[in-house]
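Subject: Structure handover

Hello,

Please find the structure below. My notes follow it.

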Amino acid sequence: QSQASGLWQLMPTTAKMYGLRADNFVDERNLLEKSTRAAAEHLKMLSQIFKDDPFLVIAAYNNGDSNVRSMIESQKSGGFWESRSNSETEFYVEKVILYKLILSNPEEYGFDSPHKNEERKYEMCTISLGSENLNFSDICSILNISYRELYKINPHIKFGSYKTSGIIGKYTSMDICIPEGSKDKLFSELKNRKLIANSTDGYFEDTIAKIEILEDIYEIKFNDNIESIAFKYGVDWRKLAEKNNLKFVTLSSGVETAETFKGQKLRIIR
């Protein structure tokens, strides 16, 4: 699909539904851990709709649940193998089956298990800036790594043209992957340069988990829903809805959710 991206080929709207950032600067669909969690949540949701046919779940992941439901209803069929689908989805389902067979026993099909080499380890941190931009080339200089290495380990970041150094824009926040053990060095230098937001108030707490512990009120944005908000904060969406006295509704797809609207403020209790 032209707008799909990442290992799990998530569409932008699907990614945002599960709390992933996908904008002009960052595309977290290319982060393995975050996108895998989102894909698993999406498959879980689809499995609630197509409970009796795992092949319909796979088809819906590729073609959308509404299209698959229309296929089943219009053809009055009982399952995927009794229906006529589009050629892309037909091929997609067949590929998933083949991959499942091969990965279950790769040696039987002539594949060797990959040899694991010693690789440099990395960690993720969050940089939030004040009133000045930060060039990626400056991060490389501080950490004594090449621009190419920074680029390769951050597939979710949109670096822009190779002719210029990409930046983290002022008054914005970005998750960035750096060599393991180098976080203190990076933040100490950024603090000295007075680049970090609120750096005058003390050392910046740079992990998402720490930020979320301190925050207990969330204002709903245009693309949010109760599931994406709950996923972001690691809480159960039903409990979140109940604590905020939200109205439970059932969508035409049969999925239960809770009504939310832009600008509404939710109390996050963890």
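Which backbone oxygen does the side chain of Arg29 reach at 2.8 Å? The backbone oxygen is that of Gln3. This is a polar contact (a pair of N or O atoms within 3.5 Å; within protein, one must be able to donate a hydrogen and the other to accept it, and residues adjacent in sequence count only if both atoms are side-chain atoms).

Before the rest, the ground rules. The model is predicted: local features need pLDDT of at least 70, side-chain atom pairs count only at pLDDT 80 or more, and totals for chains, interfaces and linings use all residues. Residues are numbered from 1 along each chain as its sequence is written, and side-chain values use heavy atoms, with hydrogens and water left out.

Arg29

Arg29 sits in the loop between helix H1 (12–17) and helix H2 (32–49). Helices (H or I, at least four residues) and strands (E, at least two) are DSSP runs, numbered from the N terminus. With 7% relative accessibility, Arg29 counts as buried; buried means under 20% relative accessible area, exposed over 50%, and partly exposed in between (1.4 Å probe, protein chains only). The Arg29 side chain also reaches the backbone oxygen of Leu10, at 2.7 Å. Leaving aside neighbours within four places in sequence, the residues in contact with Arg29 include Ala4, Gly6, Met11, Pro12, Ala15 and Ser35. Contact means heavy atoms within 4.5 Å.

Asn62

Asn62 belongs to helix H3 (residues 54–63) and is buried at a relative accessible area of 9%. The Asn62 side chain has a polar contact of 2.8 Å with the side chain of Thr89 and one of 3.4 Å with that of Glu88. Met11 is 51 residues away from Asn62 along the chain, and their C-alpha atoms are separated by 10.0 Å.

Helix H8 and the cores

In H8 (residues 183–192), the buried residues are Lys183, Leu186, Phe187 and Leu190. They lie on the same side of H8 because they cover an arc of only 90° around the axis; the arc is that of the directions from the helix axis to the C-beta atoms. Asp184 and Asn192, on the other side of H8, are exposed. The cover over the buried residues of H8 includes strand S1 (122–128), strand S2 (134–135), helix H6 (136–143) and strand S4 (173–179). After H8 comes Lys194, which has a positive phi, near 60°.

The largest nonpolar core has 23 residues, and Ile127, Phe136, Ile139, Ile176 and Leu186 have the most contacts inside it. A nonpolar core is a set of buried Ala, Val, Leu, Ile, Met, Phe, Trp, Tyr and Cys residues joined through side-chain atoms within 4.5 Å. At least two residues of this core come from each of S1, H6, S4 and H8, and H6 gives the most, with five. Apart from this core lies another, of 22 residues, including Ala15, Val57, Met71 and Val93.

Whole chain

The protein chain has 11 helices and eight strands. Of its 270 residues, 39% count as buried. Among contacts in the chain with a separation of 6 or more, 58% are between residues 24 or more positions apart. The chain exposes about 17000 Å², with carbon and sulfur atoms supplying 51% of that area. Accessible areas come from the Shrake-Rupley method with a 1.4 Å probe; for residues, only the protein chains shown count as cover.

Regards
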